[in-house]
Amino acid sequence: LAASGTCYQRAKQVLHVAVPDRLHGREKEMGTIRQFLRDHVCRRQPGSLYISGAPGTGKTACLSRVLLDCKDELTKSKTILLNCMSLNSPQGVFHAVAQQLGLPVATGREGLRRLEKHLTAQGPMVLLVLDELDQLESKGQDVLYTLFEWSRLPNSRLVLVGLANTLDLTDRGLARLGAHPAGSPRLLHFPPYTREQLSTILQERLGQVAGDPVLDAAALQFCARKVSAVSGDARKALDVCRRAVEVVELEVRSQTLLKPLPGGE
């Protein structure tokens, strides 16, 4: 029982939504992000990248992996990671960025001016990563527009990377940017995972568990097929499998407790 109990625990561990060493089916997207960071942060060229895709398509995981892989290359720059869900209002992003840059607290126009001045003065490049970017949508889209505009000012040292679930955020909210000579932000879309990709992700994860397979290959295919038909969300597929392991674990535990052992013990 101890051995089988351990294999279920291990299976649940590998099925958790953590950033794996290798992200299957996202090599192209990771290459694009890596190249963007090298072209802009390492070569001191301001710019912006907008990453879109439905939940569970690997946007945040890929970016986190690239940031880990490029850690040494980014040491001379300042990286700020913000999840916009944690902000009280869209305007709160300016306060959060100023805090991260060690600027004295200032609100309203004065705060904006100070931030802009700081980001166009001499100094290291600032890589600002904003997850859940659609939370910054506001009346007139001034917050989003200001941030993207800052990455194009003369002498700017801001490189902006925004992630959101909506594909049309830039068309809808930042149409004004398109009229600018520098053009709109660079766009990178993450499509939903296919059945084959989901199946490989599940197999790779569970392949890390020693011994007999915990979940049947046909069950993994069934899960991959169902999830790809609905959403292509890898988190959902991992969650379904983890719950299946929990169900089996409870069944095995109750059977072991109730079954008489051989030899009348």
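**Exercise 1. Is R44 buried or exposed, or in between, and where does R44 sit?**

Step 1: R44 is partly exposed, with a relative accessible area of 44%; buried means under 20%, exposed over 50%, and partly exposed in between (1.4 Å probe, protein chains only).

Step 2: Look for R44 in the loop between helix 2 (27-42) and strand 1 (47-52). Helices (H or I, at least four residues) and strands (E, at least two) are DSSP runs, numbered from the N terminus.

Step 3: R44 is not a glycine, yet its phi is positive, about 55 degrees.

A note before you go on: this is a predicted model, where local features need pLDDT of at least 70 and side-chain atom pairs count only at pLDDT 80 or more, while totals for chains, interfaces and linings use all residues. Residues are numbered from 1 along each chain as its sequence is written, and side-chain values use heavy atoms, with hydrogens and water left out.

**Exercise 2. Describe the place and phi of E132.**

Step 1: Find E132 in the loop between strand 3 (126-131) and helix 6 (142-150).

Step 2: E132, a residue other than glycine, has a positive phi near 55 degrees.

Step 3: With a relative accessible area of 23%, E132 is partly exposed.

**Exercise 3. How many residues has the largest nonpolar core, and which has L136 in contact?**

Step 1: A nonpolar core is a set of buried Ala, Val, Leu, Ile, Met, Phe, Trp, Tyr and Cys residues joined through side-chain atoms within 4.5 Å. The largest has 28 residues, and L136 is among those with the most contacts inside it.

Step 2: Leaving aside neighbours within four places in sequence, L136 is in contact (heavy atoms within 4.5 Å) with residues including C84, P90, V93 and L147.
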